[in-house]
Amino acid sequence: MRDMTYYERKYRTLGRTTIIGVDEAGRGPLAGPVVAAAVCLKKRSFASRIDDSKRLSVSQRAAAYHELMTGCFYGIGIVNEAVIDRINILAATKCAMEQAIERLFARLPDRRREAVHVLIDGTVRLDIGFYNTCIVKGDQKDRSIAAASILAKVTRDRIMGIYDSVFPSWGFMQHKGYPTKSHRRAIDRFGRSRIHRISFCGVKDKPLSG
Amino acid sequence: MSKTNRCLGKQGEDLALAYLARQGYCCIARNFRTRFGEIDIIARDGGTLCFIEVKTRAGGSFGRGADSVIRNKQRHMARAALQFLQSRHLLDAPCRFDVVSIDKAQQVPVVDLIRNAFVLDENNEVSDV
């Protein structure tokens, strides 16, 4: 097993000094926005565990999130369900990623803006001018992408937490909009809310309520 | 600039953003500032990068918002856009300039989108289409 800096070192030897990791959260859910994060780490090591957000517990994620707030440059991109319905989920994900990279880039100091290499989780081809590489399961293979996955996940969970208080019937606090049994049952019973993605199966033909 | 004017501009941009989202545009950046000029919204429409200027007018007495995106402003926008493209290594990417004009004289604001409002020639000088 290669360690979490394999890709980073690989591109550093090519002279790319700024390594940016990009990951998204919320492509699968039936409701809520898709959130992407772009991260450029400042430090070599972190006290909390930086790993794929799916392999960390909620408290581990919170600790990592807290440390990353000061330990990296970051940008968050959010695309809401109305736009997802209009341009489809893949295009929306790309857009959220691009938005995240743009916001990160605006925060980078000048010396870090040269020789950028972007590592992207999955197989998403972005139309950005920087050198970029897609890494399948990148959130488990590279620490920058792992850090991005944590920021995206925590941000999205917070948004869904707020939505839960606005639309309490669907239980967004528990499933965050993902298609769990309890979520599907809630949709059958209450119909769809204003934050459900109409273009997704299982939501399309349900009446609007709330 | 007066506070009311800035507030009007901000409201206009929010309105424009919502309108553009319905048209299938996806916002990438807002208020991109350089020392050459500012771009209100940078968005993606399909594969094309769009630099968008939002013009909001409270009343109709000074003409429509779009009329006030004059040559000089276009030049500033173009310079800022070039700066953006250059720093992001996107000079080869397809892009265009759009103008959203918002008229708030009516009860319901009237939003108007002008695609490809002006173009750059090979000397990076602006001209109307």
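These notes go through the sheets, the helices packed on them and the nonpolar cores of a predicted model.

1. Sheet of chain A. Five strands of chain A form an open sheet with mixed pairing, in the order E3-E2-E1-E4-E5. Its edges are E3 and strand E5 (131-135) of chain A, each of which pairs on one side only. On average, neighbouring strands here are turned by 20 degrees against each other, direction ignored.

2. Pairing of E1 and E4 in chain A. Strand E1 (residues 18-25) and strand E4 (residues 116-121) of chain A run parallel and are joined by five bridges. Within this pair, Val22(A) is opposite Ile120(A) of E4(A).

3. Helices on the chain A sheet. H4(A) lies across E1, strand E2 (34-41), E3 and E4 of chain A, at about 145 degrees to E3(A). H6(A) also packs on the sheet and touches E1, E2, E3, E4 and E5 of chain A. The direction of H6(A) makes about 40 degrees with that of E1(A).

4. Nonpolar cores. The largest nonpolar core contains 72 residues. Ile20(A), Val22(A), Val39(A) and Leu151(A) have the most contacts inside that core. With neighbours within four places in sequence left aside, the contacts of Val22(A) include Ala36(A), Met97(A), Ile101(A), Val118(A), Ile120(A) and Ala148(A). Asp121(A) is also one of the residues in contact with Val22(A). Another core, of ten residues, lies apart from the largest one; among its members are Ala31(A), Tyr163(A), Trp170(A) and Phe172(A). In soluble globular proteins, nonpolar side chains tend to be buried together.

5. Helix H2 of chain A. This helix (residues 58-71) has 14 residues and reaches 19 Å from first to last C-alpha, close to the 20 Å expected at 1.5 Å a residue. Arg61(A), Ala64(A), Tyr65(A) and Leu68(A) are its buried residues. These four lie on the same side of H2(A) because they cover an arc of only 110 degrees around the axis. Strand E3 (72-79) and helix H6 (143-166) of chain A are included in what covers them. The face turned away from the buried side carries the exposed residues Ser59(A), His66(A), Met69(A) and Thr70(A).

6. Sheet of chain B. Here the open sheet has six strands, in the order E1-E2-E3-E4-E5-E6, again with mixed pairing. Strand E1 (26-33) and strand E6 (126-128) of chain B are the edge strands, each pairing on one side only. Neighbouring strands are turned by 35 degrees against each other on average, direction ignored.

7. Contact between the chains. Helix H4 (residues 89-107) of chain A packs on the chain B sheet, where it touches E1 and E2 of chain B. The helix direction makes about 20 degrees with that of E1(B).

8. Pairing of E2 and E3 in chain B. Strand E2 (residues 38-45) and strand E3 (residues 48-57) of chain B are antiparallel, with five bridges between them. Ala43(B) stands opposite Cys50(B) of E3(B).

9. Helix H2 of chain B. Helix H2 (residues 71-87) of chain B packs on the chain B sheet, and its direction makes about 60 degrees with that of E2(B). The helix has 17 residues and spans 24 Å from first to last C-alpha, close to the 24 Å expected at 1.5 Å a residue. Gln74(B), Met77(B), Ala78(B), Ala80(B) and Ala81(B) are its buried residues, and their cover includes E1, E2, E3, E4, E5 and E6 of chain B. His89(B), with a positive phi near 55 degrees, follows H2(B).

Technical notes. Residues numbered from 1 in each chain as written. Chains lettered and ligands numbered in written order. Predicted model: local features only at pLDDT ≥ 70, side-chain atom pairs only at ≥ 80, totals over all residues. Pairing = 2+ DSSP bridges. Helix = DSSP H or I, 4+ residues; strand = E, 2+ residues; numbered from the N terminus. Axes fitted to C-alpha atoms, helices over the stretch in contact; angles between N-to-C directions. Contact = placed C-beta atoms within 7 Å. Expected span 1.5 Å × (residues − 1). Buried ≥ 20, exposed ≤ 12 C-beta atoms within 10 Å, placed from the backbone. Arc of directions from axis to C-beta. Core = buried A, V, L, I, M, F, W, Y, C linked by C-beta atoms within 7 Å.
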